[in-house]
Amino acid sequence: MFGLNLDACIIDLPEKYYTLHDYEKGVARWCPGCGDHAVLSAVQRLCKEEQLPPEKTMFVSGIGCSSRFPHYMNTYGFHGLHGRAFPVACGIKFRRPDLNVFVVTGDGDCCSIGAGHWIHAIRYNMNMTVLLFDNQIYGMTKKQTSPTSPMGTMSNTHPHGSVLPPINPLLTTLGVSNVSFVAQTADWIPSHLYATIRKAYEHPGFSFVKISMRCPKFMPAAVDAKVSDKEHVCLLTHENGVPVDDATGRVFSNHLEHDPTDMNQARQLAANEEISYLGLLYQNKAALRYDLYGAHNLNYTPEQKIAAINQELERFTV
Amino acid sequence: MNQRNEVSDTPVQATDRQVKLKQHVVEIISDSGEGAQKAGQSFGAVCAKMGNGVWTVEIIPADIQPPPRTKESASGIRIRVGSKKMTNAGDEADLVVAFNEIAPYSRIDQHAFKKGTLILIESMWADHDAPEVRENYARALADFKERGYRVFEIPMEEECLRVAPGAKRGKNMWVLGMLCHIYNRDLSIAEAQVAHSFRKKSEAVVDLNLKLLRAGYGWAAGNLELRFDIPAMEQKQDMVVMNGNEALGFGVLAAGIEVCSMYPITPATSASHQLAESIEQAGGLIHQAEDEIAAIGFAIGSSYAGKTAVTITSGPGLALKTEFIGLGVMAEVPLVIIDVQRGGPSTGLPTKVEQGDLLAALYGQPGDTPKIVMAPSTIEECFHFVILARQIAEAFRVPVMILTDANLATGVQPFPRPQLRPEWLAPPIDQSAWQKGVNPYAWSEETGMSKRPIPGQKDGMYTLTGLAHTEAGKVSYSPEQNQHGVSMRSRKMAAFGNSLKPPRVHGDESGGDLLVVGWGSTRGAIEEAVDSARESGYKVSALHLHFLSPMEPGLKEIFDRFKKVITVEINYSDAPTDPMITPENRRYSQLAWLLRAQTLTDVDCFSNVHGQPLRPGNILEMITSRLNH
Ligand SMILES: Cc1ncc(C[n+]2csc(CCOP(=O)(O)OP(=O)(O)O)c2C)c(N)n1
Ligand SMILES: [Mg+2]
């Protein structure tokens, strides 16, 4: 018609452009001032920037305030059992390489009841982004001591102060064989939070991000000091690390150039109890990945399967 | 005849004539590592090939490497051969081949022999260098005689050494040859079997073992006057011979289950060993998790993502899986859970049989957690039930538990080779767009059933939660909503139960004096006992349940046709005569509890926790004593 070749005019548009709105679901019911809100925004932004199809994206969590996260994402979600997000996430990823898997876990969820799974999930090194919401307290159950609570923390289970030194999640993760990505960030530095989660998302393997998290309700003291006293924060810089933008770099003026392949230095930095080093502590893209093993024999045809079983049955036939 | 051959007082029966038998129980026992099991398996395979019914079960020492010539080291195999299909390991042994005089005592402890049991024992110990060995041997032989066994001394090693120097280790194949002659087996079938079982070895090894086989056969022909024949049925079909765990493994493969996620535990582990051999070629994988909780969590994750999964465990592992099973029920995730039961509670009797997990399977989780529980009663059913379980799990969006036990796990039985069907295999996952507006839990008011979205399905996004939730999958603590959700999950049980047929009475459907009810691995022994009792005129029948939750329908009506109903189970119950026990406080065995509650029938029970498969003879005794009473 009119001598126009319509086919030639059609531009190859992406099927759909996802907006932030496409990833939002409901109204998050965390306390005002809770750090979880900031992570939610950063993650939704990541999904949009990366144009992750919501149906191909999975958030897996355990139980806790932080583990409510999947309910606020308009993606697939698995809000399972306290401490058990890792096995579920690994099971999902094992035979579904096409899914983008995120794990959201709390300090109690990951470092206490789920500690065994945490260690093994590091070692499995399956491609997933792990966000540890470390508010150093049990939020959901109303202020009990967490394994990451600093010694002396007054809680409902230790009204006179907790009696053991805390677990250091970074150091623990760095100590597990086959570890491939360890980073730290903080909920109150949005640009760094976003850049770190993005770096983690891009890493091909189990990317562990410890997010220092405010719990204004039960643990205001723990983080307030760091929020106000910038001397206790040091940003790690490196061309292969988490990028630091100028504004953030100016506000947090302590910087340290750290090569993320340097495991020894990573461990030293992680062990420092005075200063929080934010950024990429360690990365090894070559670590062995169990999800690649899991996906090596997908989609066999019924004929292939039956032939293989018949061959095996042969051994048992008299 | 060899001079030292027969030491019994009673002469052996008819020399040139074969004694015709309906069935015989043979045991081969040795120190572990002497190959008794291989000899027994081969003998079983030869019998199966000739068309006999066979049930074999291995006798396994508890320790990995116990010291030789001790009771703890006794290792071996029991082979029950019959004219008809053999459904259980039978009563006491009829014929025993013993590689030393100590091994039989481990079986005597288990009451495995009877007066008249034939014991064919390696005679080399009589001339052993160490006097204490010679003495011990002589003492044992005298004791065997005292106990009424008929003892034959067999120069096994001496004869093997004649075939080839250093042929000591081939004693088992020589014994196989001897047994083949005693039981009138076709030597060429035995030769083929031996060649088959050594096919991965060098030609020289195969030849040596064939020589030993023939030597044993020939020696028995020239020196032994034991000749038995167990007529066989004509064999038309190809048969497979495997144990229950292997059958479970094949079931997993044939169901097209892609992920088997497990943590090692006796007696379940060997199912995964079998799978590990072949699942990869069939397009699936085994995941050995860090513990049983992770194993089921992994399986649930996999299944949530559309890849049906199975987790295989035993009692202690089942206990750990409890919370995830509850989540599976709550969030309606299809899953197959296999529990190969062992003796409990706690670590209990790891290698022994018990049916003690029934109530834990049904009620082991907090809250109301209706799920489907089924129990295969034969090795063949172990295979088919996995296929069925996957289909039910998917259709009803629910965890399905399969209860087997150590008896089925280790029992070996031939059955017709399955003709695999593509429709048994899990279909590829649905990745078409989800219909907008349809909830992830759009429960049918009628059946409680709903269809689940699979990650990857456009517009199907929802967050699975173990919290109380609405049809939309939204967390809700509303009283009505919770009542509704719980009742919808329960309604699925009714919907499934209504699709089941009433179980078939074995014996007389119209009724009688006693109905013996069982479940799981005890079926063969129960029905054999009931058949014998009926032959003697007792009005007794058997009923076997394959579904325990929900139960098959029509039970009450069947029970009403019998004067007495009793369950036979391998789990604990108080005896009515025990101190302190009254009809009110008596703790019944597990199926009996369920049947009493479900049918308001005064169901009695007969059970023990000896860790042994029930013998038909014991059940028969129970039947006759109840009915003569
Ligand atoms: C098996 C089990 N044990 C205990 C609980 C109770 N519980 C729920 S959340 C929680 C602690 C959560 O703390 P954390 O993981 O730090 O998450 P937060 O709420 O601080 O984000 C506990 C103990 C549970 N739900 N399940
Ligand atoms: Mg916390």
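What radius of gyration does chain B have, and what would a compact globule with 629 residues have? A compact globule with 629 residues would come near 25 Å, and chain B has 27 Å, which agrees. The radius is taken over C-alpha atoms, and the globule rule is 2.2 Å times the number of residues to the power 0.38. This is a predicted model, in which local features need pLDDT of at least 70, side-chain atom pairs count only at pLDDT 80 or more, and totals for chains, interfaces and linings use all residues. Residues are numbered from 1 along each chain as its sequence is written, chains are lettered from A and ligands numbered from 1 in the order in which they are written, and side-chain values use heavy atoms, with hydrogens and water left out.

**Chain B overall**

- Chain B contains 19 helices and 23 strands; these are DSSP runs numbered from the N terminus, with helices (H or I) of at least four residues and strands (E) of at least two.
- The C-alpha trace of chain B extends over about 90 × 60 × 45 Å along its principal axes.
- Of the 629 residues in chain B, 60% are buried; buried means under 20% relative accessible area, exposed over 50%, and partly exposed in between (1.4 Å probe, protein chains only).
- Among contacts in chain B with a separation of 6 or more, 78% are between residues 24 or more positions apart, a contact being heavy atoms within 4.5 Å.
- Chain B carries 63 positive and 74 negative charges, whose mean positions are 3 Å apart. Lys and Arg count as positive and Asp and Glu as negative, while His and the chain ends are not counted; each charge is placed at NZ of Lys, CZ of Arg, CG of Asp or CD of Glu.

**Chain A overall**

- Chain A has 12 helices and 11 strands, and its C-alpha atoms fill a box of roughly 75 × 70 × 40 Å along the principal axes.
- Buried residues are 55% of the 318 residues in chain A.
- In chain A, residues 24 or more positions apart supply 68% of the contacts with a separation of 6 or more.
- Carbon and sulfur atoms hold 55% of the accessible surface of chain A, which comes to about 13600 Å².
- The 27 positive and 30 negative charges of chain A have mean positions 6 Å apart.

**Salt bridges**

- The whole structure has 39 salt bridges over all chains, each being a side-chain nitrogen of Lys or Arg within 4 Å of a carboxyl oxygen of Asp or Glu.
- One of them pairs E314(A) with R417(B), with the closest N and O atoms 2.9 Å apart. The pair joins two chains, because E314(A) is in helix α12 (residues 302–314) of chain A and R417(B) is in the loop between β16 (411–416) and β17 (463–465) of chain B. E314(A) is partly exposed at 46% relative accessible area, whereas R417(B) is buried at 12%.
- Another pairs E277(B) with R315(A), the closest N and O atoms being 4.0 Å apart. Here E277(B) belongs to helix α9 (residues 269–278) of chain B and R315(A) to the segment after α12 of chain A, so this pair also joins two chains. E277(B) is partly exposed at 47%, and R315(A) is partly exposed at 34%.
- Within chain B, K71(B) and D109(B) form a salt bridge with the closest N and O atoms 2.8 Å apart. K71(B) is in the loop between β3 (53–59) and β4 (74–82) and D109(B) in helix α2 (residues 103–109), so the pair ties together parts 38 residues apart in sequence.
- A network of salt bridges links E50(A), R198(A) and E202(A).

**Backbone and loops**

- T266(B) and P267(B) are joined by a cis peptide bond with omega about 0 degrees; P267(B) is in the loop between β10 (259–262) and α9 of chain B.
- G344(B) and P345(B) are also joined by a cis peptide bond, omega about 0 degrees, and P345(B) is in the loop between β13 and α12 of chain B.
- T347(B) is in the loop between β13 (335–341) and α12 (358–363) of chain B and is partly exposed at 48% relative accessibility.
- Q51(A), not a glycine, has a positive phi of about 50 degrees and is partly exposed at 21%.
- E332(B), also other than glycine, has a positive phi near 60 degrees but is buried at 2%.

Technical notes
Areas by Shrake-Rupley, 256 points an atom, 1.4 Å probe, with all protein chains shown as cover.
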